[in-house]
Amino acid sequence: MQSRSIIHLNVADFAVAVERQADCRLRNCPVIIAPEAAARAEVYDMSEEAYQDGVRKGMPLKTALRFCSGAKVLPPHPDRYEQAMMQCFKRVLPYSPLAEMTDQKGHIFVDVTGTSRLFGPPPDIAWRIRSAFRSEMGLDPIWSVASNKLVAKVATRLVKPSGEYIVREGEEACFLQPLPLYLVPGILPEDRKQFGEFNLSFVGQVAGLTMEQLDLIFGRRGHTLFNLVRGIDLSPVQSFCLKKKGICFDHVFGTDTGQVSVVEGVLYRLTEKIGSLLRRQRLSAKNLGLILDFSDGKRVVRQAAARPPVHDDFSLFLVAKLALERAWTRRVRIRHMSLSCNRFESRSSQLELFAESRAEKEKKEQLMGAIDRVRQRFGSGSLRMGRTFSLDSA
Amino acid sequence: MEKTPKQKDPPASCRIHVGTSGYAYAEWTDAGFYPAGTKSGQMLPLYAKQFSITELNYTWYRMPTPETIERQRQQAGSGFLFTAKLIRTLTHEIDPMKWQKEALCYREGMAPLLQSKQLSAVLIQLPPSFARTQSNRTHLSVLLDSLDGLPLAVEFRHRSWAVDRVFDELERRQVCLVSVDEPDLPGLFPALDVVTCPDLFYVRFHGRNDQGWRSGNMQKQFDYCYSDDQLGEWIEKRIIPMSSRARKGVIFFNNHVRAQAAENALQLRRLLSKEGLEIG
């Protein structure tokens, strides 16, 4: 197997870094990102200064402000962070199509295996990407180069908030050995608790255990932990093609809301927009993805599959509603909602086998066709479904 | 510009070490320099079978740590020599608030090589934009002071530094001036045979790819292969004169694309042996 070269880029305190780019007055003061208006607001992100004062992610805002009273508090802007991530991503893609954004928090993996004949050694590529981030976006990412994603991520964690790290192939185990277990992604708090009972808190100590010993304590998970502490990670960098992003529409609620009728009304409107686009391109959706951003800054992403693929608003809404049921499990108000479709197929011209279902399908097609034609001619607001009226009073 | 060195105590003999700038290039396996399937962590012992010295260039990208340096030292063996590029935060991306602390960290990182006497030089490669201005002269002076005690070599890439006053100051400080071979393009530092430190002369062959030099792509910039004639001319005009004025010489090839650096380094060793020079 060819040895791999994985670059991990990590913009520390990503949300704060993006906000500081938008407003340079924030550069020299501690910043906390949290929804001030929410009753039980939690810290979404904070600057290094606030971190040094004891502020942590997920901490109640009131407590955070006791630790760092001089901090400037800003509401989260998920759309702004997403846009910044895409800008970062565009600067990475010229070096490799195998680039992966794991979240919207400034982490990007790039697999540059086999590109050195084109672009030079991996550390040089990492440095160039970092220079591009700095000069073109004002962001200063931490970077690391390693033979897999696991080790590359630990390396950037190690040098946070700024710096770089190169772990040579074959040195993964040595590199991990002196580190505390909490730095290794994949070792969960419950695992650490269990290791703690055996007085084991460093990677090197756990690496001294055999697979059988780990199996005895953790059962089937023992194998995973055995690999993690040795820096073995075969997971690929998932390629991400911008074109595959698909169709996406979103809505920011003027006032954070927990009203079912309002949320479903908005969901229906988003579904209509996606449906209209799908029908225009003669496509059917195979899935719908829903992102909910809550007023405390938490984000939940869920999806639902459409089987068989659908393109009319009524069927699409049923799929979207299923995704909403999966995502909306918290008793916290919603600030932002985004509905997307990234798996399509061409509309089937296959006729229904039975006359009854064929008639129903044709009726639906004709109705949708009529709605689309009216809206095309007189505007999208000319014909509305009853469930969206609740938005006018909201 | 050309300087006649003030030689008080001419060295009796000069041992010359030839190597490459960096050794861990994946493409060198494809080029056949390393056996197929060689992993980057296994390259140094294989490299050390062919050469007696290498120039560590990863130390430009990241701060060296004593652990990593010690591991490399052990991998290469006790007779092997190293030079190491100075980290970019002291030469290219200088933060006035942090750089002195970085200099201390760098010195600490290099300690294993210094203690085992396997560190031939720390290469201070200055950026092409680093012209001889008052502020740059001050920075260089303070930088050399802060690295005092390490064997230092300075590579200028801006022509404005090619003056006798600079060579005199380097000589006073016993800091080695790096001689370079690169394309004949305006503004670049010229190829010289000046020796400013009797302990060491230092040569870097970057290749003469004038088309790719300013392309911003290393693979184009350093894609070049020297001929016997070109190397022979260098030996005659510069290496032999410099070896008569220094106790040790280190020569590196930076044209790493498709392992041409390794090929040229072996070629130069052969030519130097023919001339009767002492090869390390």
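## Contacts and overall build of chain A

The model is predicted. Within chain A, 62% of the contacts with a separation of 6 or more are made by residues 24 or more positions apart. The secondary structure of this chain consists of 16 helices and 13 strands.

Chain A has 394 residues, and 38% of them are buried. Along the principal axes, the C-alpha atoms of chain A fill a box of roughly 70 × 55 × 45 Å.

## A:Leu216

One residue of chain A can be followed in more detail. A:Leu216 lies in helix α11, which covers residues 211-218 of chain A. Is A:Leu216 buried or exposed? A:Leu216 counts as exposed because it has 11 C-beta neighbours inside 10 Å, and a residue with 12 or fewer is placed in that class.

A:Leu216 and A:Phe314 are 98 residues apart along the chain. The distance between the C-alpha atoms of A:Leu216 and A:Phe314 is 52 Å.

## Where chain B touches chain A

How many residues of chain B are in contact with chain A? On the chain B side there are 13, and they are in contact with 17 residues of chain A. Two helices of chain B, α3 (58-61) and α8 (218-221), each supply at least two residues of the side that touches chain A.

By class, that side of chain B is made up of five nonpolar, five polar and three charged residues.

Notes:
Residues are numbered from 1 along each chain as its sequence is written. Chains are lettered from A and ligands numbered from 1 in the order in which they are written. This is a predicted model: local features need pLDDT of at least 70, side-chain atom pairs count only at pLDDT 80 or more; totals for chains, interfaces and linings use all residues. Helices (H or I, at least four residues) and strands (E, at least two) are DSSP runs, numbered from the N terminus. A residue is buried if 20 or more other C-beta atoms lie within 10 Å of its own, exposed if 12 or fewer, and partly exposed in between; C-beta atoms are placed from the backbone. Two residues are in contact if their C-beta atoms, placed from the backbone, lie within 7 Å. Ala, Val, Leu, Ile, Met, Phe, Trp, Tyr, Cys and Pro count as nonpolar, Asp, Glu, Lys and Arg as charged, and the others, Gly among them, as polar.
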